[in-house]
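Hello,

I am passing on the structure below, together with some notes on what turned up in it. Please have a look at it first, and then read on.

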Amino acid sequence: MSARPEFQTELFEKGVAMRREVLGDAHVDRSLAGVTDLTATLQKMVTEWAWGDIWQRPALSKPERSMLNIGMLTALNRSHELRAHVRGALRNGVSEEKVVEVILQTAIYCGFPAALDSMRTVAETIEAYRKEVADGAD
């Protein structure tokens with residue numbers, strides 16, 4: 001983990017642990033390695049607030065949170081983050097079928113263009129994830 005002094009908090013470490021569990025070591029290592037003086041505050045906020053706090057709450061399971069994120073990221077048309085959260089959903093035990101169902105649900109409420117973009121991203125991500133799992137990668 002980064003030696004940045006602002007990252008040396010219990011909540012940050014708790015957030016990093018959850019991020020690693022959901023998104024995998026490679027993703028988290030890339031994210032933290034890319035931190036600069038300009039991006040450190042946002043990275044700290046995301047890690048502590050989203051991963052160290054919200055993702056730790058007991059009322060929703062990790063698979064439920066993953067499926068919600070897929071739907072919200074589709075609505076926001078954020079394919080880069082969608083890729084990360086589709087991988088996270090698969091790591092959390094969400095089936096490929098359920099990931100597709102989430103996208104189908106978004107077609108009605110977010111519109112077909114958003115769902116079509118997300119379905120392309122989902123298909124590419126699932127294919128890449130299958131290959132990584134078959135190769136024994138993170």
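**Around T47**

Leaving aside neighbours within four places in sequence, T47 is in contact with L11, F12, G15, V16, R19 and G52, where contact means heavy atoms within 4.5 Å. Before going further, please note that this is a predicted model, in which local features need pLDDT of at least 70 and side-chain atom pairs count only at pLDDT 80 or more, while totals for chains, interfaces and linings use all residues. Residues are numbered from 1 along each chain as its sequence is written, and side-chain values use heavy atoms, with hydrogens and water left out.

T47 sits in helix α3, residues 40-51; helices here are DSSP runs (H or I, at least four residues), as strands are (E, at least two), numbered from the N terminus. Is T47 buried or exposed? With a relative accessible area of 0%, T47 is buried. On this scale, buried means under 20% relative accessible area, exposed means over 50%, and partly exposed is in between, using a 1.4 Å probe and protein chains only. A polar atom of the T47 side chain also lies 2.8 Å from the backbone oxygen of Q43.

The axes are lines fitted to C-alpha atoms, for helices over the stretch in contact, and angles run from 0 to 180 degrees between N-to-C directions. Angles of 65 to 115 degrees count as roughly perpendicular, under 35 as roughly parallel, over 145 as roughly antiparallel, and the rest as oblique. From α1, the contact is made by L11, F12, G15, V16, M18, R19, V22 and L23, and from α3 by Q43, K44, T47, E48 and W51. The residues of this contact of α1 with α3 divide into seven nonpolar, three polar and three charged. In that grouping, Ala, Val, Leu, Ile, Met, Phe, Trp, Tyr, Cys and Pro count as nonpolar, Asp, Glu, Lys and Arg as charged, and the others, Gly among them, as polar.

Helix α1 (residues 10-23) also meets helix α5 (residues 79-91): their axes come within 7 Å and cross at roughly 80°. α1 and α5 are therefore roughly perpendicular to each other. Here R20, E21, V22 and L23 of α1 meet A84, R87, G88 and R91 of α5. Three nonpolar, one polar and four charged residues make up the contact of α1 with α5.

Another residue of helix α1 is E13. E13 is partly exposed, at 42% relative accessible area. Its C-alpha atom is separated by 14 Å from that of S31, 18 residues apart along the chain.

**Salt bridges**

Side chains of opposite charge can pair when their charged atoms come close. How many salt bridges are there? The count comes to 11 salt bridges, each being a side-chain nitrogen of Lys or Arg within 4 Å of a carboxyl oxygen of Asp or Glu.

One of them joins the side chains of R4 and D37 (2.9 Å, N to O). This pair links distant parts of the chain, 33 residues apart: R4 is in the segment before α1, and D37 in the loop between α2 (25-33) and α3. R4 is buried at 19% relative accessibility, whereas D37 is exposed at 66%. Not counting residues up to four places away in sequence, R4 touches V35, T36, D37 and A40.

D25 forms a salt bridge with R20, with 3.2 Å between the closest N and O atoms, and D25 is partly exposed at 40% relative accessibility.

E132 and R87 also meet through their side chains in a salt bridge (2.7 Å, N to O). E132 lies in helix α7 (residues 112-135) and R87 in helix α5, so the pair ties together parts that are 45 residues apart in sequence. E132 counts as partly exposed at 26% relative accessibility, while R87 is buried at 17%. Elsewhere, salt bridges that share partners join R4, E6 and D37 into one network.

**A backbone detail**

N77 has a positive phi of about 55°, although N77 is not a glycine. This residue lies in the loop between α4 (62-76) and α5, and at 44% relative accessibility N77 counts as partly exposed.

Best wishes

Methods. A polar contact is a pair of N or O atoms within 3.5 Å; within protein, one must be able to donate a hydrogen and the other to accept it, and residues adjacent in sequence count only if both atoms are side-chain atoms.
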